[in-house]
Amino acid sequence: MLILLAFIIIFHITSAALLFISTIDNAWWVGDNFSTDVWSTCATNTSTCTPITVEFREYQSIQAVQASMILSTIFCCVAFLVFILQLFRLKQGERFVLTSIIQLLSCLCVMIAASIYTDRHEELHKSMEYAIEVSKGQYGYSFVLAWIAFAFTLISGVMYLVLRKRK
C-alpha cells in the first residue's frame, strides 16, 4: 500500500511539474532563430524577448491560453493539497472524490488551453505585430508537454476517483 501511495504522489508531482514547465518555458512554437510561448517571443540569435501585449491581433486567444494554463496549474497544486488532507481526514473505504474533481478540472483547463493554441496557431503566428518572422515554425516541447500533462492529469483524476482509502 505504501508503494502505491508513493507512486500516486510521484505521478501527481510529475503532472504538476509538467504543467509548470509548459506554462513557464518559452517553447510553444519554435523556429530556427526564434521561440515563442504564451507570454513572449524571443529571437535566439540576439537573445531579445518581446512580450505579447494588447497590440497583437489575437491577444484574446493568447489570454485564454494563459488563463487556462494558470488555472490548470493552480488546480493541480490544490488537488495535491486536498489529497494530502483527505489521506488524514477520510474514513476507511471512502473515495477521494473531491481530489478527483479538482484534478479533472485541471485536466479540462490544460485541454482547453492546448486546444485553443492548436486551433488558433495559424492566426497567432501570421500576425504582423511580431518583430521577427514566426510563421515558419513548428510546435515546441512546451506545447507537447502541455498535451502530456493533459494525459497525466486525466489519468490521475480517474485514478483518484477509483482509489479508496485503506489502512
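Trainee: Which residues does the UniProt annotation "transmembrane region" cover?

Mentor: According to the unreviewed UniProt entry, that annotation covers residues 64-84, 96-118 and 138-163; the model that we set beside the record is a predicted one.

Trainee: What makes up residues 96-118 and residues 138-163 in terms of helix and strand?

Mentor: Over residues 96-118 the chain is 96% helix and 0% strand, with the end C-alpha atoms 33 Å apart. Residues 138-163 are 85% helix and 8% strand, and there the end C-alpha atoms lie 39 Å apart.

Trainee: Why are helices α2 and α3 called roughly antiparallel to each other?

Mentor: Helix α2 spans residues 59-89 and helix α3 spans residues 97-125, and the two pack at an angle of about 165 degrees with their axes 8 Å apart. Angles over 145 degrees count as roughly antiparallel, and α2 and α3 are therefore described in that way.

Trainee: What is the handedness of the crossing of α2 and α3, and how do the residues of their contact divide?

Mentor: The crossing of α2 and α3 is left-handed, and the residues of the contact divide into 21 nonpolar, 7 polar and 1 charged.

Trainee: Why does Leu71 count as partly exposed?

Mentor: Leu71, which lies in helix α2, has a relative accessibility of 39%. Buried means under 20% and exposed means over 50%, with partly exposed in between, so Leu71 at 39% counts as partly exposed.

Trainee: What separation do the C-alpha atoms of Leu71 and Ser115 have?

Mentor: Those C-alpha atoms are separated by 15 Å, while Leu71 and Ser115 are 44 residues apart along the chain.

Key:
Residues numbered from 1 in each chain as written. Predicted model: local features only at pLDDT ≥ 70, side-chain atom pairs only at ≥ 80, totals over all residues. Heavy atoms only, no water. Axes fitted to C-alpha atoms, helices over the stretch in contact; angles between N-to-C directions. Helix = DSSP H or I, 4+ residues; strand = E, 2+ residues; numbered from the N terminus. Parallel < 35°, antiparallel > 145°, perpendicular 65-115°, else oblique. Left-handed = near helix turned anticlockwise from the far one by under 90°. Nonpolar A, V, L, I, M, F, W, Y, C, P; charged D, E, K, R; others polar. UniProt positions renumbered as here; feature names shortened; annotations may be inferred. Buried < 20%, exposed > 50% of the residue type's maximum accessible area, 1.4 Å probe, protein only.
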